[in-house]
Amino acid sequence: MNHWLTILILVPFLGGLVVAGLGAERKNLVRGLTLAFSLVGLIGAFCLWMHFDVNSGGLQFVEQADWVPTLGIQYYLGVDGLGLLMVLLTAIVTPLAVLASWQQDDRPHVYHALVLWLQAGLFGTFTALNFFHWFLFWELGLIPAFFLIKLWGGPRRGPAATQFFIYTMVGSVTLLLSFLALWVATKTPTEPGCFDFIKLAGLAKSGDLAAKLGAVLGWKAHIGLLVFFGAFLGFAVKVPLIPFHTWLPAAYAEAPSPVTMLLTGVMSKMGVYGFLRILLPIFPDQVRQVLTPLLWLAVATIVLSACAAFAQRDLKRIIAYSSINHLGYCLLALFAAAGVATGVNNPDLQKAAALDGALLQMFNHGLTASALFLFVALLERRTGGLRGLGDFGGIRKVVPVFTGLMGIALFSSLGLPGLNGFVGEFLIFKGVFPLAPWAATLSTLGLLVTAIFLLTLIQRVFCGPLNERWAKLPDLTTAERWLVLPGIVLMFVLGIWPQILLNFIDPTVMKLAQH
Amino acid sequence: MLAWTIYITFIGVLVLMLLPRDNARAARIVALLTAVAGCVVAFAGAIQQTNPGEVTQITRLDWIPAIGAHYYLAADGISLVLVVLTGLAAVAGILFSWNIEQRTKEFFAFYLVLIGGVYGVFLSFDVLLLFVFYELTIIPKYFLIARWGSTRKEYGAMKLAIYSFVGSHLVLIGLIAAWVVARAQLGHATLDLTELAKVSFPPAFQYWVFPVMFIGFAILAGLWPFHTWAPTGHVAAPTAGSMLLAGVVMKLGAYGCLRVAMLMFPEGVRDWQWAIALLAVIGIVYGAGVALVQRDFKFVIGYSSVSHMGFVLLGLATLNTLGLDGAVLQMFSHGIIAGLLFAVVGRMVYDRTHTRDFNDLETMHLGRRLPYAAVTFVIAGMASMGLPGFSGFVAELQVLMGAWLVFPKLTLLAGVGILIGVAYTLRAIHKGFYSDAPPAHAGHDHPLEPISVPERFGAVLLIGAALVIGLFPDLLMNWIEPCFKSPLFERLLKGGAL
Amino acid sequence: MNPYLDILRLAGPEAILTLTVLVVLGADLTLLRGQSVARRFNGGAFLSILGCVAAAGFAGLRLQGQTDADSLNGFLIVNPTIDFLKVVLLVLTIFTLLISTSGKFTNHVGEYLSLILLGTIGLMLLVSATDLLMIFLALEFASLSLYILTAFNKHNARSSEAALKYFLFGGMSAAFLLFGFSLLYGITGSTNLGQIAAGLAGKGLDPLLLVAIVTTVIGFGFKVAAVPFHLWAPDAYEGAPTPGAAFIASGSKVASFYVLAQIFSVGFAGAEGSAVWHGALPGWTPVLAVVAALSMVLGNLTAIVQSSVKRLLAYSAIAHAGYMLLGVLANTPTGRDGLMFYVITYALTVIGAFGVVAVVEDATGGDAWANFAGLSRRAPGLSLCLMIFLLSLGGIPPLAGFTGKFLLFSAVVQAGDNLGLLWLVILAIVMSMVSFYYYLRVLKAAYVEDAAAGAPAIRVPWPTRLALLLLAALVILLGCAPGLLTQFL
């Protein structure tokens, strides 16, 4: 039996233990070790990619073992295209975040240990296929994030961290209750209930799940919907969908920027992943039942968050709201693909396109948003923490390299063709237009407003008359250039040649689209 | 072999009493050795049990033949779990009491009598013997709190003792009544639990005897609204006292509910099932809610114990294997976790800062000055919240599963309780350790004594236990589950859905 | 055979004790004259104990031989149970003597010791009697010595007051008792209990019989300090010299309860009625039930507010009398066994408790809470004994008090049909809960509170120490293995 995935999860976990034990004095050793561990994770992810069979759309590197048989809990790991994508994303963003935290001086051993544990939790979430096992890592990802915000964050970090934790916990509890209901419904006198995502999806497809729920729990008419709603809440908080998003701006703004890189780059994808892997396969009928409201929610997310971003004065908050906006597109694609497509020719193709776009968008946005927050971190480093929209002006004259590179990232976020942001959005709209035309139309408003606020940002920060205060602003050092270079390169590469990713995403997407 | 846990502990008491009066060091070492020996025997005896589903006899001697009382010690899987818990808690409690200087010998003597009594309860299968051990634990509790405690110790101790006594006497009433009726039915007097479990008491009789007996035990388990002794008592008690009280003694009550009241009166349980579940859930929510607004750190933990025991009682009320499994597992899990929480608050924080008021603690920045304590408390808090990976999660999971089947609406309420639990834990973590309030006056920056080796050992021991069972719950589930499938519990579960 | 010799042989233990009285009086008058009080006490007590041991040995041997005899138609019965009770009474007396030896309350040592022995003789005669006249004689004989004992502390005015109260009450209730007995004689024409029962059979509840029942209850209720005939008890216990109070509380209770049970279950057999909840029938059981309930409630509730430990023990004695009355009204063999076990272990415990109080009184000059403060530091062994005695009284297992309560209560519940007497047991258990509080309060003073600064350690004289250790051991032993006692009952 291969144990790649277990090793992949264990390495950062053990690394965190090692780093935490080092003590606060040996800062460079701590940082170096952390980087090493996260790079090992990156190498591991690449190896996985190399050995990945791109033609099969199913699960690979599967590890399955009984854990608590009486409760139907198994240690069940596996990756398909979706999982691999997320693992790669995590593996890429984490070393960048570690490098961005190089100047972090306050208890670095704890800080870096928490980062590594967060990575372990993320790896675990994206590869787990049994609810108990998955839920363990889902929750485990919360704790390091909470402490990272709480202990190293900005002036209002306390409330931000608490709000983050509580929101996510509420969602987790409803998620737990829903899955308990499913377990109870699938329990027979001889067998324990089912926690296995794959099996539950199969049951849902054959229509058995709703029947069982009704039989065991009563409330026949609406029990399925209620259970769905519980699970939905758990993921909707994580993405986040409006109106469950209010924790995000504060958390992103108050967290130290490298942590925000992780938060926006990877943790927000946990929510979308959850929708794709868990919610849609297990509750297809319920999704269809409430499809229209869901589409409305997605549209609202896209449009309103873009408008909100436009109204912000804090750079981090702007990017935070723009994250919500980008993820809204993913959800739009998901919901559209989940619907029953009537009157559409070749619905499978459209769905596949939408889903391809959603997955690509997840990866690309992860990359781009992390890069953006990295740039903001670099800026903060120079200005002593200032990051307001009105604080700057015309700094392209003093920091041309910085402007150029950040500009690339900003344009990628905008969706300029040639950069990675474009491909995902293009595919999404391509797929969604036939499936849900009015939703797609309304969402283009979001594109418009995004363009407006991003250009405004560029104009206010980089262009215009030079703000005398920053006349001596140092440009990117060599180290920093090497730091941001991989991200920028990837943005170009993926913009021109998305096939790299689509190669292994496609088969999985086809499989997903078929349900 | 398991009976030696009791004997070793009492021998330890005798040795302690013979030690010279002021030699604190010798007293500690003797006590620690006794507790460790007891723990080792507990583990060894537990592992040796090949068939946890059956009641395995350890000793059976005639005691008072006239009333059918025997000195009957036996164990099944449930007893094993709780005996192991007692072993761990006993050792941890002594480690965290290493700094007691005042009349150390007497402290540990009372402590070990309490432990011996607890071992006895968990291993007795004769109802009178169980009752004897049960009552035996009341007196050491009183003295531990009244002499070595802190806030309002005399009041807290007396309240606790009286409540416990009232509870145990309610049990006595039920016991005598049941004995008489059983004797009439069987033709001979017996106090053997396995025999009494087979007697069919008349339903009208069960209707009133069961609540009397159940409430008698449940008072000690912290059933709302009879829980009021718990917060006061826990706060007043010295650290080891609170650890044992919340960790083990409250489980005596729950164990009594399960082993005696529910086993003997299965129809009675069914009559009162809904009431018990309702009170349990109220306890969960109320305990959590009140914990949220406390100013005294220890009160937060005290009320959280009430809330967690609510889960145990909810599990008991479900009357299906899932809920009952979960209830027993939660007994173990909460025993460890509550011990850990009280250890941090009482020993690591209070003994150094001499305050438990959040308004004071906030200014002390303990997160930086006592990092070991802070991390331990965070881990304990996460475990207490029910975070997956720790034993509390599996236990609460099963209780919720069991409860879903029978009381879906109450289960939702319990979920609310979990959320409030998250809130008060976070609040405690924030205010206790990681708040940035400016120091009230300069005096607060004096260095605090570092966390000593016994404390570290104790913390690691307890965290380890919580983690191991959280990741490998089967270790205990393999003991618990067969019990509920055994003939002993058949009558209780028959007619239940699962 | 000379009938008088026969009677003398049957009354062997009593005869030996009478001899001892004479010897002690004589020794105190002659040999020990001029010695210090302590030496006279030690010497006199030694002689008395020798006599008691001899008497107990005699009774014990006869017990082994399982002799059964009835002299003078119920005036002097001998059977193994009665012999055992005599041994018990003698053992109680020995313990009382041991704790009296360090007393500083009197110079009249010989008289004191003789009174105790004479009281014992009276009690021994009481348990052997099944004839009303003999019962009354023995009862008065014993009471007389107890009245005088109560007055023995001439340094304390309360002693005389207590004795007078005791005497007046006692006299009145004796009158009631005699009146009742005479009615019984009038109805049935005999004073022997068995013949009285035969005479009452089939007559139903004669109004005269009812009066007789009530007056008997009054008479014996006074003796055992049951409500509402208890008013003498707190003052007597407080005023009497502490070892004397111990004697009053122990031996006389054992004998009185035994005889009470005999009278009611044998003599009034057939007139018991029923005290069952919702099914009460007129007879002596409901009367006893009411008295018992009142005793339990009043005794326990009033004990809570006492500040003197001796008074507290007095009120607790009233409460325990209530519990014991339950055993009487159970009216079954197991009930009687439970009753005797309870009362014997109670007697042992209470002698111990009073022994401790005596030591504390001598060392600190009083018996209030404050005098007990810090006792665990000043005299650890003494406090441990105190803890054992008080916890046994409170009913904590595995001490004899709990075992006794359990045996007694289970017998009572079993006796009533369909759990009819459960209400009484519930009341008893609830009141036990209350009693726990005030016993714990004393222990709290001893263990939790600190002594006044510089308070010296308390030296316990060796006879008292011996007695207390033995008593504590007995309490624990009988609690764990009640069979050791019940086999003789």
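A: What follows goes from the chain as a whole to its hairpin, one of its helices, its contacts with other chains and the nonpolar core.

This is a predicted model, in which local features need pLDDT of at least 70 and side-chain atom pairs count only at pLDDT 80 or more, while totals for chains, interfaces and linings use all residues. Residues are numbered from 1 along each chain as its sequence is written, and chains are lettered from A and ligands numbered from 1 in the order in which they are written.

Chain B holds 22 helices and 2 strands, where helices (H or I, at least four residues) and strands (E, at least two) are DSSP runs numbered from the N terminus. Its C-alpha atoms occupy a box of roughly 75 × 55 × 40 Å along the principal axes. Of the 498 residues in chain B, 68% are buried, a residue being buried if 20 or more other C-beta atoms lie within 10 Å of its own, exposed if 12 or fewer, and partly exposed in between, with C-beta atoms placed from the backbone. Among contacts in chain B between residues at least 6 apart in sequence, 82% join residues at least 24 apart, two residues being in contact if their C-beta atoms, placed from the backbone, lie within 7 Å.

The strands β1 (residues 56-64) and β2 (residues 69-75) of chain B run antiparallel and are joined by 7 bridges; two strands pair if DSSP finds at least two bridges between them. T59(B) stands opposite L73(B) in β2(B), and in this hairpin, with 4 residues between the strands, G68(B) takes a positive phi near 80°.

Among the helices, α14 (residues 321-353) of chain B includes D351(B), which counts as partly exposed because it has 18 C-beta neighbours inside 10 Å. Although D351(B) and N99(B) are 252 residues apart along the chain, their C-alpha atoms are separated by 9.1 Å.

Turning to the other chains, 2 pairs of chains touch, and the pair of chains B and C has the most contacts, whereas no contact joins chain A and chain C, whose closest C-alpha atoms lie 41 Å apart. Between chains B and C, 26 residues of chain C are in contact with 26 residues of chain B. On the side of chain C that touches chain B, α18 (400-415), α19 (422-447) and α21 (483-486) of chain C each supply at least two residues, and α19(C) gives the most, with 11 residues. By class, that side of chain C has 20 nonpolar, 5 polar and 1 charged residues; here Ala, Val, Leu, Ile, Met, Phe, Trp, Tyr, Cys and Pro count as nonpolar, Asp, Glu, Lys and Arg as charged, and the others, Gly among them, as polar.

Chain B also contributes to the largest nonpolar core, which has 639 residues and in which L332(A), A333(A), V432(A) and L313(B) touch the most other members. Such a core is a set of buried Ala, Val, Leu, Ile, Met, Phe, Trp, Tyr and Cys residues joined through C-beta atoms within 7 Å. In soluble globular proteins, nonpolar side chains tend to be buried together.
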